[in-house]
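Me: Could you walk me through this model? I'd like to start with how you define things and then get to the details.

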Amino acid sequence: MKIQLALPGGSSLNLICAIAVATLPLLPQISRADESGISFWVPGLFGSLAAVPQTPGWSLGTVYYHTSVAASGAAAAAREIQVGRFSPTVNVNVNVNLHAPPDLLFLAPTYTFATPVLGGQLAVGVTGIFGRNSTTLDGTLTTGFGPFAATRMGSISDSLTAFGDLYPMVTLKWNAGVHNYMTYVTGDIPVGAYDPNRLSNIGIGHGAIDAGGGYTYLNPTTGHEFSGVAGFTYNFKNPDTQVQSGVDFHFDWGMSKFLSKQVFVGLVGYAYQQITDDTGGAPILGGFRSRVFGMGPQVGYIFPIGNMQGYLNLKGYGEFNAANRPSGWNTWLTFAISPEPPASTVAPTRHMVTK
């Protein structure tokens, strides 16, 4: 499939449409949210063109991800409880800072079917992860039990280079002119490097399932685009810690303007809110519901590679209004390659149903 955008003045834009799923990695344990400040879903996963149907065939997305986050208070205490640095039944007064700057690489092969399913386009893929995670806790921790109190000062840290969990994803997309719709299901297969007694992990230690839907507005006359994707995560119990993270709601969005046939610029953002409490965790942490918002710039570049089509995207987020989770900033550098769109400029619609 090829979508051709006619810009004012008669020029055109040939959009690569195989990037939405091929560049959707799900990040591992990087000090994010829920149990010990970690979540399955990473805000910013979806972005521009998320719901646009793709070119049928195999595509491959690779992403380099770097983040710099920090936390104090309950979010840092949760990590110390996890690794057994103090009893979760005592009172605690924490002046501890957590720092976690991971560098991760994601590989996401995806296959898009040419035969319509329920009038839409079906795609399946899986994401694998390899990278390095480093975590440091430093500061002062005062614990009390009855009339007794103990204070500990210092720093603990570790790092890990390993493979992470596997993240399968299935999407179904429909196109109707400038309007594009999608639904998706994804999840976590917990096979990555994980140890509950270690500060740094690549796997998250438990399974999860996530489902939702999205919309993309893509105007073929002006080159304007807007995408939004919302979903919910259900987390299974961590068998090592017996903690079950609550249900999470997330909304990712992106907007862009094509400046030429190959270049677009815009903004990206996200909102993340845990809507039910964790269970099985330390009483002093309570429900430990997490929240964060983020926003930042993006730039994209589309180019030919032989008979294939390449895509580069750089986006960054600054986080704010965070609760019960480390926060800071993160950047995503994406490179995707997919089949070149065919000569036809007719986009598939809901009417393309084969019976």
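Reply: Helices (H or I, at least four residues) and strands (E, at least two) are taken as DSSP runs and numbered from the N terminus. On that basis the chain has 1 helix and 16 strands. This is a predicted model, in which local features need pLDDT of at least 70 and side-chain atom pairs count only at pLDDT 80 or more, while totals for chains, interfaces and linings use all residues. Residues are numbered from 1 along each chain as its sequence is written, and side-chain values use heavy atoms, with hydrogens and water left out.

Me: OK, what percentage of the residues count as buried?

Reply: Of the 355 residues of the chain, 53% are buried, where buried means under 20% relative accessible area, exposed over 50%, and partly exposed in between (1.4 Å probe, protein chains only).

Me: And which residues touch the most other members in the largest nonpolar core?

Reply: Trp41, Phe46 and Met182 do, within a core of 28 residues; a nonpolar core here is a set of buried Ala, Val, Leu, Ile, Met, Phe, Trp, Tyr and Cys residues joined through side-chain atoms within 4.5 Å. At least two residues each come from β3 (57–72), β5 (103–112), β7 (148–163), β8 (167–176), β9 (179–188) and β13 (263–274), and β13 gives the largest share, 3 residues. Another core, of 5 residues, lies apart from it and includes Phe258, Phe264, Tyr311 and Ala336.

Me: Since β13 came up, how many bridges join it to β12?

Reply: There are 11 bridges between β12 and β13, which run antiparallel, and the two strands form a hairpin with 4 residues between them. Two strands are said to pair if DSSP finds at least two bridges between them. Within this pairing, Met255 stands opposite Leu267 in β13.

Me: What about β11 and β12, in which sense do they pair?

Reply: Strand β11 (residues 224–235) and strand β12 (residues 248–258) pair in the antiparallel sense over 10 bridges, and Ser227 has Gly254 in β12 as its bridge partner. In the loop between β11 and β12 sits Gln242, which has a positive phi of about 65 degrees although it is not a glycine.

Me: Where is Asn324 found?

Reply: Asn324 is in the loop between β15 and β16, and it too is a non-glycine residue with a positive phi, of about 55 degrees. Its relative accessibility of 28% makes Asn324 partly exposed.

Me: Switching topic, how many salt bridges does the structure hold?

Reply: It holds 1 salt bridge, defined as a side-chain nitrogen of Lys or Arg within 4 Å of a carboxyl oxygen of Asp or Glu. The side chains involved are those of Arg289 and Asp277 (2.5 Å, N to O). Both lie in the loop between β13 and β14, so the pair ties together parts that are 12 residues apart in sequence.

Me: Last one, which elements give two or more residues to the nonpolar surface patch?

Reply: The patch is formed by Tyr64, Leu105, Leu259, Val265, Val299, Tyr301, Ile305, Leu312, Leu314, Leu333 and Phe335, with about 890 Å² of accessible area together. The elements giving two or more residues are β14 (291–305), β15 (308–323) and β16 (327–339). Patches are made of residues with over 30% relative accessible area and no salt bridge, with like charges joined within 9 Å and nonpolar side chains (Val, Leu, Ile, Met, Phe, Trp, Tyr) within 5 Å. Accessible areas come from the Shrake-Rupley method with a 1.4 Å probe, and for residues only the protein chains shown count as cover.
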